[in-house]
Amino acid sequence: MRRQNRLKSLSWAAIALGMSYSAYSQTSLKSAYQKDFLIGTALGTSHIEERNETANQLIKREFNAITAENIMKSEVIHPEWNRYNFGLADKFVEYGQKNNMYIVGHTLVWHSQLPRFVSKINSPDSVRLFMTEHIKTVAGRYAGKINSWDVVNEALNEDGTLRKSVFLNKLGEGYLKEAFELVAKADPKAALYYNDYNIEQPAKRKGAIELIKKLQASGTKIDGVGIQGHWSINTLNLKVIEDAIVEFSQLGIKIAFTELDLTVLPNPWDLRGADVNQNFEGSPKMNPYTTGLPDSVQVTLAQKYEDLFKLFLKHKDKISRVTFWGVNDGHSWLNGFPIRGRTNYPLLFDREFKPKLAYKSVLELKAAK
Ligand code: XIL
């Protein structure tokens with residue numbers, strides 16, 4: 001009954017969604033959650049270059065942590081053996097410094113978005129040389145300026161075994177320890193995180209715990225685990241997330257939610273079993289909200305975010321940061337993944353940079369206190 005009432009009031013709020021930003025301008029996500037954990041966002045090139053003043057004002061007002069969405073990935077920052085592109089990364093770090101933000105480096109060792117030359121390397125010694133030089137050069141350049149590094153990204157398979165990346169294949173599982181130690185040496189002050197998606201799920205979580213325990217047992221510094229948090233309003237499982245928070249924190253490390261977004265669109269993998277030959281691109285069934293998000297879905301999204309932040313608040317002593325993967329819906333990578341050309345609504349700000357009902361529900365959790 002209470003839930004129904006709440007639903008009703010949320011629906012009214014959704015109908016009144018012409019909500020202006022000024023209604024909330026007295027407060028912001030970062031100030032509301034100031035005593036709890038950092039609230040971050042991922043910045044793309046246009047944000048770093050401050051091309052859009054509305055976006056820029058919103059970022060500065062709402063967030064106190066930033067992650068580089070793409071420009072610190074090795075294919076961008078280290079495109080050839082002896083060539084580095086530091087231009088945008090330097091600007092990203094300057095942006096964080098001048099706005100007093102917590103700066104997250106993403107990411108040093110990852111099988112994806114690698115420069116092309118790496119896939120052509122054959123000898124283990126050369127892979128080791130690449131990884132060593134890469135970490136020394138990139139982490140070294142920003143030493144003392146980056147607050148936290150996603151040292152290794154996505155090293156695990158869904159069953160918890162180690163992913164057969166070029167790093168595992170050529171260097172063996174010791175590459176994890178090597179990577180963390182290299183970063184600790186290059187930038188002793190940075191907090192070092194292992195980052196991955198789905199590691200809240202039991203099998204993969206078990207693998208992550210094993211990985212972290214091994215690092216700890218060998219005396220390697222690791223400060224936290226990043227749970228990416230690419231979830232869906234249809235399958236969000238709070239119990240699993242809570243179990244993960246509790247279990248990871250028992251390792252004596254912090255938990256960050258590093259890439260939070262909630263897709264509202266159908267998941268192609270759910271349908272794949274039904275028709276493997278189906279072409280999802282351009283299929284209206286897979287892209288139902290091209291002209292706007294129906295109020296009912298807006299309300300569901302707001303409720304899922306509310307439930308999630310309630311859980312985060314319950315465990316705030318274990319959580320260092322919650323970062324959204326993007327500034328607003330128009331910017332989200334989920335418009336292009338896993339199907340290109342869709343219209344998704346996974347974040348707290350809409351395409352016009354206006355706060356959505358979900359923003360209100362996240363904010364009001366604090367106002368109610
Ligand atoms: C994504 C970016 O958002 C996209 O712009 C890019 O095309 C692909 O990568 N896990 C990660 C992030 O760790 O780096 C990914 O970011 C999303 C999944």
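Author: Start with the lining of the largest pocket: β7 (230–232), β8 (254–263) and α13 (268–272) each supply at least two residues of it. Helices (H or I, at least four residues) and strands (E, at least two) are DSSP runs, numbered from the N terminus. This is a predicted model: local features need pLDDT of at least 70, side-chain atom pairs count only at pLDDT 80 or more, and totals for chains, interfaces and linings use all residues. Residues are numbered from 1 along each chain as its sequence is written, and side-chain values use heavy atoms, with hydrogens and water left out.

Reader: How is empty space found?
Author: Rolling a probe the size of a water molecule over the atoms shows where empty space is left. Here the search runs on a 1 Å grid over the protein atoms alone. In a cavity a 1.4 Å probe fits but cannot get out; a pocket is an open set of points with protein on both sides within 12 Å along at least five of seven lines. Lining residues have an atom within 4 Å of a point.

Reader: How much space lies in the largest pocket?
Author: About 940 Å³. A volume is the space filled by probe spheres set on the points, and points are joined across faces, edges and corners. The lining has 41 residues; closest to the pocket centre are Tyr197, His230, Trp269, Trp333 and Phe337. By type, 14 of the lining residues are nonpolar, 18 polar and nine charged. Ala, Val, Leu, Ile, Met, Phe, Trp, Tyr, Cys and Pro count as nonpolar, Asp, Glu, Lys and Arg as charged, and the others, Gly among them, as polar.

Reader: Where does the ligand sit?
Author: In the largest pocket. The test is that more than half of its atoms lie within 2 Å of the grid points. Around the ligand are 13 residues, and the closest are Glu69, Lys73, His106, Glu259 and Trp325. Near means a heavy atom within 4 Å. This shell has three nonpolar, six polar and four charged residues.

Reader: What about a cavity?
Author: The count is one cavity of 30 Å³ or more. The largest cavity has a volume of about 40 Å³. Its lining includes Val109, Asn153 and Tyr175.
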